[in-house]
Amino acid sequence: MEMTNRSPPGDSKVDCVNCDSLVRPNCGNSAAVSVPLSLPGKRVTHMEGDDLYRLRDRKFLIEDRKRICAWALGTALLGILLMIIHAEICPYVDELGSKVSLIINCSISLSTGCLLILIIAFHYKDIRVFIIDHNQVDWRIAMTSHRVLVITLELLVCAIHPVGSYWEVGQHDNSSYAAPLCVSNHHDKALLDMELLLSMLMFLRLYLVHRAILLHSKVLLSASYRSIGSLNNINFTFRFVLKVLMNKHPARTLLVFILLFWLTASWMLTLCERQTQELTRQMDTALWLIAITFLTVGYGDVAPSTSCGKAVCLFTGVMGVACTAMLVAIMTEKLALNKGEKHVHFFMLDIQISKRIRHAAANVLRECWLLHRANLPKGSRGEHRRHQRCLLEAIRVFRHLRLKQRKLRDYVSQMVDLPKMQMIMCDLSANWNNSYRELEQRILSMEQKLDELSRCFQQTSELLSEVLHHRSPVIR
């Protein structure tokens with residue numbers, strides 16, 4: 001595993017600050033990477049330096065966590081592949097030699113041990129990220145009951161692997177003949193069932209796929225996604241990433257999942273039916289049975305005989321119903337018209353129905369005129385009845401077209417054009433703002449005129465008072 005040279009924020013060694021505002025921890029090491037903590041000319045504070053070192057360590061920890069998750073997934077897939085090879089060579093182990101199965105089982109155990117170490121390392125990095133995110137809290141705070149339960153379950157799931165060969169070696173260690181180190185050649189049913197169960201439970205390691213997809217997705221790695229998501233309180237979980245994948249590549253994602261599920265379920269069915277003499281022990285027949293069960297067809301030509309095979313087929317049927325529902329939803333979305341296509345389609349339908357209504361109205365007028373001509377004395381009764389029937393038919397067609405046009409327009413009116421409504425509301429708001437500004441200007445002009453009038457009245461009153469004051473002695 002690639003290790004990076006990091007300096008923790010709380011290191012007791014003194015960091016050196018050079019003249020170009022670069023802080024270098026451990027000045028004796030010339031290979032250390034210098035990190036600018038502030039702009040030139042600005043004094044660097046200890047808190048800013050700690051924050052930058054913490055962000056750098058968090059970035060390195062996230063990269064290490066992503067790398068460890070990829071290695072864990074690869075190790076889990078290697079263990080599953082070795083288990084499949086071990087199960088497939090069981091019928092030929094007597095011919096190939098007894099040590100082949102022991103070597104493969106040792107490889108499975110070795111890969112399981114490496115996987116457990118990688119799982120522990122992943123959660124160690126995750127706890128360190130938690131400590132950095134929460135401002136250097138104690139690591140015991142990160143060990144909640146939920147986290148402890150998750151780590152324990154992951155270790156238990158990843159520790160499951162077949163160990164039947166070791167039991168066989170212990171039983172035949174003192175024997176003079178070579179023991180068949182494969183449970184399929186053993187007659188103990190309890191040991192056979194346990195080996196079968198452990199082999200099938202190894203597929204639980206595939207839970208690491210969703211973690212690898214989440215950590216390597218562009219959604220999680222994009223800073224813009226994370227910024228906008230944090231503003232909208234969106235948690236970037238596997239559910240969100242899966243929704244994004246189903247929205248961008250729905251057919252590709254569902255097709256890959258269905259094919260991988262078919263292959264896995266078919267091999268598990270052959271493993272369950274291997275001790276029987278039925279046709280389902282063959283891979284091609286198992287693929288056929290899984291396919292018709294997944295598609296809920298069920299012709300009944302083949303059927304599982306063991307309880308394990310029935311459980312696999314039952315789970316396949318449930319997954320088939322779920323995937324069929326998703327497939328129907330995807331096809332409905334792909335075949336549906338978008339907003340522009342709907343507008344064009346309904347507009348052309350409206351034009352066509354309007355033309356047909358005009359033709360139907362013209363037919364009604366024509367049949368009325370022909371019926372009027374048939375009412376003349378020279379007309380026959382048979383021709384009169386024929387024109388009546390034609391008139392009633394023309395009226396029925398006219399009413400049917402009018403009803404069809406009304407239904408179409410009602411459906412179109414229900415399609416609310418949100419952008420258009422938004423533009424209308426924006427125009428109305430702009431008009432109201434303009435009117436409000438004009439009203440404010442008019443009010444201000446009226447206030448100014450009122451001030452002028454008040455000043456004029458005051459001046460007039462002062463003039464009148466002066467005139468009366470000068471004339472009062474004369475009057476007296």
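**Ground rules**

I am working with a predicted model, where local features need pLDDT of at least 70, side-chain atom pairs count only at pLDDT 80 or more, and totals for chains, interfaces and linings use all residues. Residues are numbered from 1 along each chain as its sequence is written, and side-chain values use heavy atoms, leaving out hydrogens and water.

**Entry: overall picture**

I found 17 helices and three strands in the protein chain. Both are DSSP runs numbered from the N terminus: helices are H or I with at least four residues, strands are E with at least two. Of the 476 residues, 29% are buried. My terms here are buried for under 20% relative accessible area, exposed for over 50%, and partly exposed in between, using a 1.4 Å probe and protein chains only. I also looked at contacts (heavy atoms within 4.5 Å). Among those between residues at least 6 apart in sequence, 67% join residues at least 24 apart.

**Entry: more on salt bridges**

I went back to the opening pair to check its cover. Glu367 counts as buried because its relative accessibility is 7%, while Arg366, at 47%, counts as partly exposed. The structure holds 12 salt bridges. One of them joins Glu154 to Arg211, with the closest N and O atoms 2.3 Å apart. This pair links distant parts of the chain, 57 residues apart: Glu154 sits in helix α5 (residues 145-159) and Arg211 in helix α8 (residues 208-215). I noted Glu154 as buried at 7% and Arg211 as buried at 13%.

Arg396 and Glu393 form another salt bridge, at 2.6 Å between the closest N and O atoms. They are three residues apart in helix α16 (residues 381-414), so about one helical turn separates them. Arg396 is partly exposed at 47%, and Glu393 is partly exposed at 39%. I also came across a network of salt bridges linking Asp64, Arg67 and Lys125.

**Entry: the disulfide**

How many disulfides are there? I count one, taking a disulfide as a pair of cysteine sulfur atoms within 2.5 Å. Cys272 is joined to Cys308, S to S 2.0 Å. The two cysteines lie 36 residues apart, in distant parts of the chain: Cys272 in helix α12 (residues 250-272) and Cys308 in helix α14 (residues 307-335). Cys272 is buried at 5% relative accessibility, whereas Cys308 is partly exposed at 22%.

**Entry: helix α13**

What does α13 pack against? Its buried residues pack against α12 and α14; among the buried ones I listed Leu289, Ile290 and Phe294. I then checked the span of this helix, which covers residues 283-294. Just after α13, Thr296 takes a positive phi of about 55 degrees.

Definitions and conventions. Expected span 1.5 Å × (residues − 1). Salt bridge = Lys/Arg side-chain N within 4 Å of Asp/Glu carboxyl O.
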